[in-house]
Amino acid sequence: MYHKPLISIIVPVYNAEKHLLQCIKSITTQTYHNLEIILINDGSTDNSGIICDKLASEDKRIIVIHKKNGGISSARNKGLDIATGKYIGFSDDDDIIHPNMIESLYNAIIYYNVDLAMCNTLSIYPHENIPLININDYPTQLLSNHDLLSTIFNSATDDPMHINTNCIWNKLYKKEYINNIRFKDKGFEDTYFSTLVYCNISSCIYIKAPLYYWYVRSSSKSHKRFDERNYLSIFTHYNNLLNLKQYSIPPKIQASCLLRLYKTMLYSIQNSKNTSFHTKVKKACKYLNRLHRNSFLLNEHIRLRDKIIICIFIHCSNLYALFLKLPNSFKKI
């Protein structure tokens, strides 16, 4: 009798008692049944740990690890350390996934013989209902690792339904390609992890159906003011650039990462004002600018307009503040 392989789903859990049941239910009710659901309780101070243990007592596929709080990267790495599935997926503790997401991604990997499968995500608010969709109505697209790397540094969008190449929770990975890759406790840790994954794989199938639902909540980390995560994101993009060089990724893709680094530096200088991070941000940006200024200014793959605008504003943040007040049509860089 044919048995489908085990798939491990890793869920870092931290103070998620309000949303955890809904999240885990969306995983346990997947049409793909051979799952190992790993809940990493990362030092929660609410009832999340109790909920995790109760869920494990009701479903033998659930494994619960209680650990001291170490952050989301630490929790995900712990999950990766103990995962035994042939394939690996991730979910955040306050989101939900479509009932057919895991099976659709797995079938796509097998049918197209690729290393990775991913789907669209849909940003929704708590009062909104999950849309009814027919997966067969959506096309698929075969992407190379260079295709993925070309978009990862330019994937920000205001479209509520979009491809997310720089996140991890809308994907299913062959474990063999991420065995030696771990998250680093830096800002934009997903982007760092994803960049290394794309450097190591050859192909991916992209299902354009929105199968992962990311809840936009007022308490979301994405809505905080400038903090340590934002500060560390500068070094994330710097490390991404080093990794691209190490894997001899084409210069055009390296240029998109370099431009992203400079945009992040510009953002950080402006938005860290009146915070305890401003001095550290300016020092880090000064060092990185000195290190990469020539390669940035002489890069044939970066528009001259971008070079001029960014270099001016990095040295004159007050002028950048005035620039931000201009209509959007004038400030697209």
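Helices here are DSSP runs of H or I with at least four residues, and strands are E runs of at least two, both numbered from the N terminus. Please keep in mind that this is a predicted model, in which local features need pLDDT of at least 70, side-chain atom pairs count only at pLDDT 80 or more, and totals for chains, interfaces and linings use all residues. Residues are numbered from 1 along each chain as its sequence is written, and side-chain values use heavy atoms, with hydrogens and water left out.

Helix H9 (278-297) and helix H10 (304-315) each supply at least two lining residues, and H9 gives the most, with 7. Lining residues have an atom within 4 Å of a point. Of the 12 in this pocket, Ile-269, Lys-282, Lys-286, Ile-314 and His-315 lie nearest the centre.

The structure also holds 1 cavity of 30 Å³ or more, a cavity being a set of points where a 1.4 Å probe fits but cannot get out. The volume of the largest cavity is about 60 Å³. Its lining includes Ile-9, Phe-90, Met-101 and Trp-169, and helix H4 contributes the most, with 3 residues.

Now for the charges. A salt bridge is a side-chain nitrogen of Lys or Arg within 4 Å of a carboxyl oxygen of Asp or Glu, and the whole structure has 8 of them. One joins Asp-42 and Lys-67 at 2.8 Å, N to O. This pair links distant parts of the chain, with Asp-42 in strand S2 (residues 35-42) and Lys-67 in strand S3 (residues 62-67). Both Asp-42 and Lys-67 are buried, that is, under 20% relative accessible area, whereas exposed is over 50% and partly exposed in between (1.4 Å probe, protein chains only). By contrast, Glu-58 and Lys-54 are both exposed; their bridge has its closest N and O atoms 2.5 Å apart, and both residues lie in helix H2 (residues 48-58), about one turn apart.

Finally, look at Glu-189, in helix H6 (residues 189-200). Glu-189 is buried yet has no salt bridge, and Arg-76, the nearest side chain of opposite charge, is 4.1 Å away (Lys and Arg count as positive, Asp and Glu as negative; His and the chain ends are not counted). Arg-76 itself is linked with Asp-92 and Asp-190 in a network of salt bridges.

Terms used. 1 Å grid on protein atoms, 1.4 Å probe; cavity = no way out; pocket = protein on both sides within 12 Å on 5 of 7 lines; lining within 4 Å. Points joined across faces, edges and corners; volume = space filled by probe spheres on them.
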